[in-house]
Amino acid sequence: MTRVLEGKVAVITGAAGAIGTATAKLLAERGAAIVGVDIPGADWSRLRGVLPEGARLVTAEADVTDEASVKAYVDKAKAECGRIDIFFNNAGIEGPVKPIQDYPLDRFLKVLGVNVAGVFLGLKYVLPVMYAQGTGSVINTSSVAGLIGSPGMAGYNTSKHAVIGLTRVAATETAPQGVRVNCVNPGPIESRMMQSINSGQAADAKAAHDATSAMVPAKRYGTPEEVAGLVAFLASDEATYCNGGFYTVDGALSAT
Ligand SMILES: NC(=O)c1ccc[n+]([C@@H]2O[C@H](COP(=O)([O-])OP(=O)(O)OC[C@H]3O[C@@H](n4cnc5c(N)ncnc54)[C@H](O)[C@@H]3O)[C@@H](O)[C@H]2O)c1
């Protein structure tokens with residue numbers, strides 16, 4: 001693949017996590033400078049270890065639920081890189097796995113805070129930068145959990161449905177300004193997050209993993225790299241008429 005993103009600047013939240021790291025790697029390989037955003041004290045070693053030789057990485061530590069911190073990471077991206085062409089609005093948490101009657105309200109609100117308010121705040125501060133440029137591509141991370149219900153996942157599934165709604169609202173506002181907003185909907189991906197969810201689903205996390213794999217028509221989990229490929233397409237100028245959509249990368253799980 002040629003360096004089709006040469007000269008572009010990509011801001012990625014949750015950049016120290018599984019999907020964020022794989023996406024930063026791919027976008028950097030295609031030529032983009034990366035501004036990685038993650039929680040204060042995040043371990044950046046995995047991301048630094050996978051970026052190609054000569055890639056530019058600026059890190060910004062911020063809690064995406066804190067408005068001043070969101071403004072600060074956007075200001076840092078602008079100050080250090082001059083522009084924001086791609087915004088992968090991806091930080092998220094899974095919350096507990098519990099039936100609704102046992103699901104604590106504070107945990108429910110925490111999941112909505114990171115997965116919905118965090119995405120909202122990212123849009124709130126990044127979009128004006130893209131409007132001033134007259135161009136930009138935002139990719140929000142939803143999930144197959146944004147399309148279906150899953151027992152025990154009230155906070156997470158609610159939040160990921162909301163990301164689709166937010167994506168649609170945003171696209172109607174941004175399209176006239178030359179800015180695109182889409183979301184990606186990964187199925188189960190081999191990652192810490194799915195290990196955590198599988199551990200909450202059954203005492204035997206491996207059995208829960210295998211049961212989930214069996215439900216997927218592809219009969220396996222996806223990889224963070226398979227999500228990254230979709231994000232890179234939506235970020236690129238090959239996707240200039242893709243706006244306001246949601247795109248599954250789920251081994252046909254949501255097609256069943
Ligand atoms: N792993 C999966 O199977 C899967 C499937 C569908 C969707 N997703 C979504 O993909 C995204 C990335 O997931 P992942 O698998 O890479 O998980 P991960 O836990 O490896 O990465 C998430 C990252 O977000 C960061 N983060 C969490 N709260 C934050 C906050 N308040 N402020 C700043 N950063 C914060 C974490 O520190 C972490 O580095 C999430 O939105 C997740 O819901 C994941």
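**Exercise 1. Work out how much space lies in the largest pocket, and what lines that pocket.**

Solution. Begin with the volume: the largest pocket holds about 1,200 Å³ of space, where a volume is the space filled by probe spheres set on grid points that are joined across faces, edges and corners. A pocket, on a 1 Å grid over the protein atoms alone, is an open set of points where a 1.4 Å probe fits, with protein on both sides within 12 Å along at least five of seven lines, and its lining residues have an atom within 4 Å of a point. The model is predicted, with pLDDT of at least 70 needed for local features and 80 or more for side-chain atom pairs, while totals for chains, interfaces and linings use all residues. Residues are numbered from 1 along each chain as its sequence is written, and side-chain values use heavy atoms, without hydrogens and water.

Next, turn to the lining, which has 48 residues, with Glu94, Tyr156, Arg192, Met193 and Ile197 nearest the centre of the pocket. By class, 25 of the lining residues are nonpolar, 16 polar and 7 charged. Finally, α6 gives the most to this lining, with 5 residues; helices here are DSSP runs (H or I, at least four residues), numbered from the N terminus.

**Exercise 2. Find where the ligand sits and which residues surround it.**

Solution. First, the space taken by the ligand is the largest pocket, and a molecule counts as sitting in a pocket if more than half of its atoms lie within 2 Å of the grid points. The elements that give two or more residues to the shell around the ligand are α1 (18-29), α5 (154-174) and α6 (192-201). Then count the neighbours: 28 residues surround the ligand (a heavy atom within 4 Å), and the closest are Ile19, Asp38, Asn90, Tyr156 and Ser191.

Technical notes: Ala, Val, Leu, Ile, Met, Phe, Trp, Tyr, Cys and Pro count as nonpolar, Asp, Glu, Lys and Arg as charged, and the others, Gly among them, as polar.
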